[in-house]
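We will start with the whole chain and then visit single residues.

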Amino acid sequence: MQNFELNNGVSIPMLGLGTFQMSPDQAQKAVVSALESGYRLLDTANAYLNEKAVGRGIRGSSVTRQEIFLSSKLWPTVYQDKTAVDKTLQRLGTDYLDLLFLHQPAGDFMAGYRQLEQAYRDGKIKAIGISNFHGKKLTQLLEQVEIKPQVIQVEAHPYYTQSDIREGLAPYGTRLMAWYPLGHGDKSLMNEPIFTKLAQKYGKSSVQIILRWHVQMGFIVIPGSTDPEHIKDNADIFNFELTIEEMSEIAKLDQNKRYYIPNDAREEQYAQMQMDFEAQK
């Protein structure tokens, strides 16, 4: 597995396992499978309700905690809870996180970010992330924080390359981590002629070509799968390289097409949701 360097010097794997929409049992098994397949980056969240299972998967593997880059996310309902970081660590069964995000730009996200800054200073987290931030709220956060974020996690794929956000964050060296990296499984994306052609050229699948495109774009990518073979195949992207010309051809697919449409009403609704994280299995 190859790594990127974040703006604070921390090393992060280019590719990892996302656990969104996985049940606790699925997440635990997927984590073990991923670690056995060479993955070292694992991503979860309070809202996924599988943090405890991810922790069990880590402990059930043969890989030490120190070898793993572990990230999670605080949900808006706990942004003002001074114990939120510690509770997240407890659920995962670890005394530090390599990366901790604010999950949504909702509620008192500045209070949440200050929590992350304090946890960073205290050594409880090694990097700070923001997820799904955009527009005025992203600008507000960047203007007010003392420690600029190391990572932003947003939807990104060849149909939607987040050029505006990347341009805005470039001065801070903030790295993009892509969710929905395969366009939410959109067959029209998978079957684009350029990917079919490149898959034949390199002896890879269209999925592997797209994931390779992500890392060559400089994106950290976290495809999610519960199938051991798919998990293994998703990581098999480091023995070939797309040419500059091929990357330019793929760039023509960018059409500002997203599969998740953020809006303030939805974000404020998220902030009001109550989740019993302690009830996780």
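**Before you start**

This is a predicted model: local features need pLDDT of at least 70, side-chain atom pairs count only at pLDDT 80 or more, and totals for chains, interfaces and linings use all residues. Residues are numbered from 1 along each chain as its sequence is written, and side-chain values use heavy atoms, leaving out hydrogens and water.

**Select the whole chain**

Switch to cartoon view. Along its principal axes, the C-alpha trace spans about 55 × 45 × 35 Å.

Now colour by burial. Buried residues make up 56% of the 281. Buried means under 20% relative accessible area, exposed over 50%, and partly exposed in between, using a 1.4 Å probe and protein chains only.

Next, show contacts, meaning heavy atoms within 4.5 Å. Of those between residues at least 6 apart in sequence, 76% join residues at least 24 apart.

**Select Gln 21**

Gln 21 sits in the loop between β3 (17-18) and α1 (24-36). Its phi is positive, about 65°, although Gln 21 is not a glycine. Gln 21 is exposed, with a relative accessible area of 64%.

**Select Asn 46**

Go to the loop between β4 (41-43) and α2 (51-59), where Asn 46 lies. Is Asn 46 buried or exposed? Asn 46 is buried, at 1% relative accessible area.

**Select Val 145**

Val 145 is in the loop between α5 (135-144) and β8 (151-155). Val 145 counts as buried, at 8% relative accessibility. Which residues does Val 145 touch, not counting those up to four places away in sequence? They are Met 110, Tyr 113 and Glu 117. Then pick Ser 206, 61 residues from Val 145 along the chain: their C-alpha atoms are separated by 40 Å.

**Select Tyr 180**

Finish in the loop between β9 (175-179) and α7 (187-190), the place of Tyr 180. Tyr 180 has a positive phi of about 50° although it is not a glycine.

Definitions and conventions
Helix = DSSP H or I, 4+ residues; strand = E, 2+ residues; numbered from the N terminus.
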